[in-house]
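Open the structure in your viewer and keep the selection panel at hand. The tour below goes from one selection to the next.

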Amino acid sequence: MNPDRMTHPQLHSYDLSPMVTAFSTMRQGGVGEGSYASFNINNYCGDSADAIAENTARLCRHLAISRRQLVFPHQTHSASVLCIDDDFMQLGCDARAARLEGIDALVTDLSGVCIGVSTADCIPILIFDTANHVVAAVHAGWRGTVARIVEATLGTMAECYGTRAADCKAVVGPGISLHRFEVGDEVYDAFRDAGFNMQYISRAFPVDESVESRGWKWHLDLPECNDMQLRNMGVAPENIHMAGICTYDNVDRFFSARRLGIDSGRIFTGIMMK
């Protein structure tokens, strides 16, 4: 395993607030190889345990936190949200893992705890409640988006911490774009049946643009779907930052499962109050 020349991860940072560190990891700055090159910390995508451990240590050093202060779930494309509180932070490793199983969004009001989610074409969303000092990290693949996980997360923040969407700032991070996200009719139907405005989030593209009358496939705009959920819940449009980065088109900088295959690295999108 040949270490990357850089000894710390390269981060795409977001300017949410001076009180908050918010970022998405890029592919550079780690020790992974092949389709995991070079920075991946996800344990569930087939990467080397040694590479994951070294990359995780590098990220924690860069953030000036311990490994126990870095929290991310085993995602299953659910709409389940978990609050990370003092009781959770006191749990042992096995108990933590059990609590994080099947979770796709995390919320916390603890300073010095970095929560995050893993993606590689799905959409990561970060939220900061500026009034109550609460942060959230959300994984929204198409299934989570259909299940309105962003709305569920803001609902959990309101229930547990008194969050109002009007006080929130948000980031919709790197993910696959409408142009690249081709879907089957069953996915299109799932969004339509869930009440999404298909006029704004879908478009039909020819299967082969070089051949006329070859047929058409639906494409969906996942970033727009999640932006719409944030706005519908009351987050002001000017407080939503759209990263505008297509992972498929920028596979040299960000992992893309559609380009690299499912056995490849994952972007980690994290947020931490200082």
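What is the volume of the largest pocket? It is about 520 Å³. Keep in mind throughout that this is a predicted model.

**The pocket**

Select His77, Cys122, His139, Ile262 and Arg266, the closest to the pocket's centre among its 26 lining residues.

**The open sheet**

Keep E6 selected and bring in strand E14. E6 covers residues 114–119 and E14 covers residues 267–273; the two pair in the antiparallel sense over 5 bridges. Within this pair, look at Ile115, which stands opposite Ile271 of E14.

Now widen the selection to the whole sheet. It is open, has 5 strands in the order E1-E2-E14-E6-E3, and its pairing is mixed. Which strands stand at the edges? They are E1 (11–14) and E3 (70–71); each has a single partner strand, so one side of each lacks a neighbour in the sheet.

**The largest nonpolar core**

Next, select Ile125, Ile127, Leu154, Phe191, Leu220 and Leu230. Of the 36 residues in the largest nonpolar core, these touch the most other members. Among the elements that give two or more residues to this core are strand E7 (123–129), strand E8 (134–140), helix H6 (185–193) and helix H8 (222–233). Helix H5 (149–161) is also on that list, and H5 supplies the largest share, 5 residues.

Centre the view on Phe191. Leaving aside neighbours within four places in sequence, Phe191 is in contact with Trp142, Thr145, Val146, Phe196, Met198, Ile201, Leu220, Leu222 and Cys225.

Another core, of 31 residues, lies apart from the largest one; to find it, select Tyr14, Met89, Leu100 and Phe255, which are among its members.

**A buried aspartate**

Go to helix H8 and pick out Asp227. Is Asp227 buried or exposed? Its relative accessible area is 10%, and the cut-off for buried is under 20%, so Asp227 counts as buried. Beyond its neighbours within four places in sequence, Asp227 is in contact with Ile240 and Met242.

**Confidence**

Finally, colour the chain by pLDDT. The chain mean is 95, and 96% of the residues reach 70 or more.

Note on methods. Residues are numbered from 1 along each chain as its sequence is written. This is a predicted model: local features need pLDDT of at least 70, side-chain atom pairs count only at pLDDT 80 or more; totals for chains, interfaces and linings use all residues. Side-chain values use heavy atoms; hydrogens and water are left out. A nonpolar core is a set of buried Ala, Val, Leu, Ile, Met, Phe, Trp, Tyr and Cys residues joined through side-chain atoms within 4.5 Å. Buried means under 20% relative accessible area, exposed over 50%, partly exposed in between (1.4 Å probe, protein chains only). Helices (H or I, at least four residues) and strands (E, at least two) are DSSP runs, numbered from the N terminus. Contact means heavy atoms within 4.5 Å. Two strands pair if DSSP finds at least two bridges between them. pLDDT is the predictor's confidence in each residue, from 0 to 100. On a 1 Å grid over the protein atoms alone, a cavity is a set of points where a 1.4 Å probe fits but cannot get out, and a pocket is an open set with protein on both sides within 12 Å along at least five of seven lines; lining residues have an atom within 4 Å of a point. Grid points are joined across faces, edges and corners, and a volume is the space filled by probe spheres set on the points.
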